[in-house]
Amino acid sequence: MKNIKYILLSLTILFAMSGYAQSNVDPSRKQAIDSLALEKVKDLSKYISIIGNKDTQFSEAKRVMDRAEELFAPASEMGVSSLEREEISYYKVREYFERLMALNYDKVTIKWYDIHYVSDLEQQPDGTYVGVITIYQRFEGSSKDGLNYKDTTKKDITIYVKKKETQIAGRIIEFWDVLLGDIRVTETSA
């Protein structure tokens, strides 16, 4: 279902940009790219909530992990922080999801809010555009034996926008695709 949504969004961008052969992002197309990037971030938020939820069956959590991994560029990492320690740990995406699923709480609630771009897309030498979306994550974990933890974390998500090609009815068409990159912790508070 989610893949269909991404395909439709990508096809919208694809057809909107099919006549645009330069490597620059046309300002009139940037809105469609921004929408796709924000949609992928919102989907990641939903996936993280499902994976972290202790009521989610193992098979469903594994399926959602697979879907969530598809959102990321290869070798991306996700940051984890705590009020109890100063250092921030970074894990590969799959490892982050597995650790999230294995947290020692009976109930876990994770909510993302205030999702917004903090930087415009900047072109890199290889033609890829890179931007940053900032989110705030509210984490709450509790267990029956009285273990309770809450924090709010500000995170920056690197966004990669790259021109790709596909063939439709024998015709090569260029389109822009969006992948998520590293998720860096910038601030943790109670």
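## Basis

Residues are numbered from 1 along each chain as its sequence is written, and side-chain values use heavy atoms, without hydrogens and water. In this predicted model, local features need pLDDT of at least 70 and side-chain atom pairs count only at pLDDT 80 or more, while totals for chains, interfaces and linings use all residues.

## Largest pocket

The largest pocket holds about 500 Å³ of space. A pocket is an open set of points on a 1 Å grid over the protein atoms alone, where a 1.4 Å probe fits, with protein on both sides within 12 Å along at least five of seven lines; its volume is the space filled by probe spheres set on the points.

The lining has 20 residues, and Val80, Ser81, Arg85, Leu103 and Phe139 are the closest to the pocket centre; lining means an atom within 4 Å of a point. Among the elements that give two or more residues are strand S1 (77–82) and strand S5 (148–168). Strands are DSSP runs of E with at least two residues, and helices are runs of H or I with at least four.

## Ser82

Ser82 lies in strand S1 and is buried at 11% relative accessibility (buried is under 20%, exposed over 50%, with a 1.4 Å probe and protein chains only). Its side chain reaches the backbone nitrogen of Glu84 at 3.0 Å.

## Positive phi

Most residues other than glycine have a negative phi. Ala75 has a positive phi of about 70° and is exposed at 58%. Ala169 has a positive phi of about 50° and is exposed at 82%.

Terms used. A polar contact is a pair of N or O atoms within 3.5 Å; within protein, one must be able to donate a hydrogen and the other to accept it, and residues adjacent in sequence count only if both atoms are side-chain atoms.
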